Amino acid sequence: MKISLNWLKKYVEIPVSDEELIRLIGARLVEVEGVIDETHKYDGIKVVRVESAEKIEGTHLTLCMVNDGSAELTQVLCGAPNVREGMLAAWIAPGATVPASVKEDAPFVIGTRKMLGKYDSHGMLAAADELDFGDEHDGIAEIDSNMAKPGDALADVFGLNDLILEIENKSLTHRPDTFGLIGFAREVAGILGQKFNEPAAECSLKPDNAIDIKIEGDNICERYSAVVFEKHGEIKKKYLTLTDTLLAKSGMRPIDPIVDATNYLMLLTGQPLHAFDYDKFVAVGGSKNPKIIVRLAHAGEKMELLDGKEITMNESDIVITSNDVPVALAGAMGGASTMIDENTKNVILESATFSLYNLRKTQMAHGIFSEAITRFTKGQPPYQTLNVAEACASLLKDGFKISSVSDAYDYKAKANVVEITTDEINRLLGTDYSEKKVVNTLTNVGFEVETGKELKVTAPAWRTDIHIKEDIIEEVGRLNGYDNITPTLPRHNSATKNKMLTLKREIRDTMKEFGANEVLTYSFVSERLLENAGVKTSNSYKIVNSISPELQLVRQSIVPSLLDKAHMNQKIPFDEFALFEMNKVYRKDLGFNDEEVPTEKMSMGFVLAERKNQGTAYYKAKMYVEKFLKRFNLEAEFKPLKTDVAEALPFEKKRAAEIYVGENYLGVVGEFRTGVKHNFKLADYLAGFEIDLDVLLSLETPKKVNNSFEIKDKQDLTIATKKTYAETLKEVREKYPEAEITPVGIYQPEGAEEKNITFHLEFR
Amino acid sequence: MEELEKLKLELKSLNSEYARIKEVPAEKRGEFGRELNAKKNEILAKIKAKEEELLDTEVLPLDITAPCAPNEEIPKVYSVFEGSKHPLMTELDRVVEIYQLMGFDVMESRQLDDEFHMFDSLNFAKEHPARDGYDTFRTEEGLIPPAHTSTMQHRVLKAYKDKLENDGEIAVVVPGRVYRNEDVDATHEHTFYQCEGVYVSKTCTMGDMLGILREFFEKYYEQKLNIRTQPGYFPFTEPSLEFMIEKPKSLGGKKGDFLEMLGCGMIHPNVLKMAGIDPTKYHGFAWGGGIDRLVMLRYGLKDVRHFESGNLNFLKEF
């Protein structure tokens, strides 16, 4: 949303600098995303009177002498058909910039140039689009002589030396009232500590209900007012108006007098309006008198909108119908069949409120993000529909007069009343505001406060968001500035450490020490990635609105993601590296927990990859497992992979092992299947592990030292055997229970069946 | 081997089936083609699996209990100089450690949650437009990879309710990974990290909230800091604020430069009520802010996409 400071200043007196005002708005109302500085946009543009205008034969040009308030007339050539003697126009003097071009990379600076070989043309007479007030380019902009005189700076006439605030709408989601300038100004008065002067809100319209309005369905439309305007004269739009400039500054474009009036009032009050062509409306419905039915659309019902698109509606869309024939998608866009045009004689002006929930769905389903629907989806309150309709009539009074007023408003909103004490306010904020200050703060922005044992606070009609004490506390804290609250510290006890976090921190340090690199990869993976790793995709939770197929499935384990990153790093190229990640994983077969959300596991994945090593990668990965577990005073056993485990993971059954600590299954270490290596385009030397950190955490074992630190004896022992290493080690251990045993090497002569395993034994 | 041959023959005959498409009535051709394609893909997948299986039969088994292969050296782990820790994780640890010193317990956030924890328990009205602001992903089951660590607030309140009612207070931070369905560029990631904080007691005030947050950032940046706030809107806090700090000297900050650090506010009474805590007796505050940004500021990092890139050129800097 864009807010013009000059417009704002018409409703509230600002005793501080613009800079301070912007800071206060930021601190006490809403985030100001940016400020567009237009204080020099209209420099060098003056109001001039065309004193003479002579057509140049054989061209479309007119030779004009213009009066810019100085003693001498200036010669300007103008190509517009509407230039004529006596009119006031906007003249861009030589050296000034065309306002519509200021945002461009190379703004267009006007000069003096020779035209048709003989005429000097000084500056130019500008059309509305060149002044950045819309798309109008059929002629130059004409200025009302009641508003200006030759020599006036254009900026002064229309208040164009302005700062435009760009407001972040999100933080006003609950404040529909601030989506109108008046509501915004009220808040500004409040934060400046002033009582806001409410613009007169008396409404003289008395419903005669000449139009039959029926609202079918609960809670879809709280109030629907329809005012019929009858044409009695022409609104010939001749002059550039203040409204044009305000619409432009607010990011809208002038279109025609009726639409402009409705848009202007929406910007001012927050209440969107819609104009139907009365006669078309009646014709479409086929009834003698207009009959408005507001209802939910039938699924599949079709309608052509103003922009020429045909839409198919859903059952959650609200439609305005003429005797049950859809003529507008409520809150979003009018239909083509009842569109006003230059022949429109009579108008039905709709001023209504709709369910923000339905409109939110409409917005999403049809992709309509207009200024109007942005306001409706905040939940516009129903109190002002007739006031705004009357204001519209007054803007259009030259061409139209009101002929009937209908108002469907069954449910009259009750005022929200909250009872609260000053003490309750101070206790939550940590302040010591007096009752007087609290009362003033609230009454400045339209609340009524009855004092007594408690404050009885009545919210104004536009504050439909006020329900509980905290809402009042927010108003008091915010309007007086949260920054005026003194920071203090509450009591605190000592914290308990989180064991999983501590474990992960230790692993992180250990793995770095072992030369491995911690990575983070996405929790979502592609179907292809899982297939490449030989993991069943049906066991993954599937994202229905994923950004791309690359991010469609919730991962079941970490290793596949690491294989993918290993490929990328091998390509860079890194010749050797080890990647690891610790993160949460989810698998459908793990089911749901007591909270009825999927059971999760904290998993650690590890992959090492080398391009030039001809050796056996399995043993390096195993070494990592052993060394790493040793840090946690654990000794692992490596057991053959069970078939079902092997099938769920990318590991090669013959070259991988299940990791056990005692009876506890911790995970798998090993090389990967040939197909997996091929799929990920990885060099042969490749292995990894995946372990369950929740299990590891449960195995926490304190370190114990052997108190004899002196080595009394040591020896190397070589055994020739056909048995496995583990079996051999067991035998050595049984024989030398006192010894600390470490492997030295395994030698197997070519062709031999037996291998020689050498151990180093130390006795303490 | 025979089986593979058989599959290949099947594929061949299937390919010849395609020629028959001309005989099929025009309106049924689409369906015919689709069925044929499905069959073909099925056979291709079987062939691929079979081929992979055959490759694997050539793989030799090894002694999984040994420290090395025969005649190979016992492998060594890589040098410490090659190792690195992920900067986001280091930062998260650093943040959590400060909160721990300030008396906050830690509970890690979930990465797949439900509508109840993500929205309902946080006082988001059903189908309220405020839910749209979070651009959530959803699974087929309607589960949500959380878009904020506030998804844990309800659990924190419930888990510590007893402590609160035994004359204690709730003081917990929740670090975790969160997700938003948005396009990725230098400053936006669909996956990022946040840290949530929750404090509840009988007597705490908004002044306490501002004090705690200032204290945290002063410890984090090791200097005194000016703070600023801005009104915000979150359905689960009332009042809601955005919290800013004056840019620290270590980040090259000048007076008057403010950094938006997090969103915060006094916990909405409905959120307390839903967790079984009496909002007339207790009140609290909560906050949540991004971790990625802290890391980017600390190292002068310009592109958030590095974090989940897995690129060793980046990782080895840390």
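**Entry 1. Domains of chain A**

I looked up how far apart domain 4 of chain A and domain 6 of chain A lie: their centres, taken over C-alpha atoms, are separated by 82 Å. The model is a predicted one, in which local features need pLDDT of at least 70 and side-chain atom pairs count only at pLDDT 80 or more, while totals for chains, interfaces and linings use all residues. I noted that residues are numbered from 1 along each chain as its sequence is written, and that chains are lettered from A and ligands numbered from 1 in the order in which they are written.

I then listed the domains of chain A, whose bounds come from an automatic or database domain assignment. They are domain 1 (2-26 + 165-191), domain 2 (45-160), domain 3 (212-408), domain 4 (417-484), domain 5 (499-698) and domain 6 (713-763).

**Entry 2. Two helices in chain A**

I examined helix α11 (residues 422-429) and helix α13 (residues 469-480) of chain A, which pack at an angle of about 70° with their axes 10 Å apart. Axes are lines fitted to C-alpha atoms, for helices over the stretch in contact, and angles run from 0 to 180 degrees between N-to-C directions. α11(A) is therefore roughly perpendicular to α13(A) (under 35 degrees counts as roughly parallel, over 145 as roughly antiparallel, 65 to 115 as roughly perpendicular, and the rest as oblique). Helices (H or I, at least four residues) and strands (E, at least two) are DSSP runs, numbered from the N terminus.

I recorded which residues meet: E424(A), I425(A), L428(A) and L429(A) of α11(A) face K469(A), I473(A), V476(A) and G477(A) of α13(A). Contact requires C-beta atoms, placed from the backbone, to lie within 7 Å. By class, this contact has 5 nonpolar, 1 polar and 2 charged residues. Ala, Val, Leu, Ile, Met, Phe, Trp, Tyr, Cys and Pro count as nonpolar, Asp, Glu, Lys and Arg as charged, and the others, Gly among them, as polar.

**Entry 3. The sheet of chain A**

I traced an open sheet of 3 strands in chain A, in the order β1-β11-β2 with antiparallel pairing; strands pair if DSSP finds at least two bridges between them. Its edge strands are β1 (2-4) and β2 (32-38) of chain A, each pairing on one side only. From one strand to the next, the twist averages 25°. I found 3 bridges between β1(A) and β11 (residues 162-167) of chain A, and I3(A) stands opposite L165(A) in β11(A). Helix α2 (residues 18-28) of chain A packs on this sheet and touches β2 and β11 of chain A.

**Entry 4. Chain B**

I saw that chain B is divided into domain 1 (2-57) and domain 2 (87-315), with 53 Å between their centres, taken over C-alpha atoms. Its pLDDT, the predictor's confidence in each residue from 0 to 100, averages 90.

I followed an open sheet of 7 strands with mixed pairing, in the order β1-β2-β3-β7-β6-β5-β4 (chain B). β1 (105-106) and β4 (227-231) of chain B have a single partner strand each, so one side of each lacks a neighbour in the sheet. Strands β6 (residues 258-267) and β7 (residues 283-290) of chain B pair in the antiparallel sense over 5 bridges; M266(B) has F285(B) as its bridge partner in β7(B).

**Entry 5. Where the chains meet**

I checked the contact between the chains, which takes 104 residues from chain A and 95 residues from chain B. Helix α14 (residues 499-513) of chain A gives the largest share of chain A's side, 7 residues.

How values were computed:
Contact = placed C-beta atoms within 7 Å.
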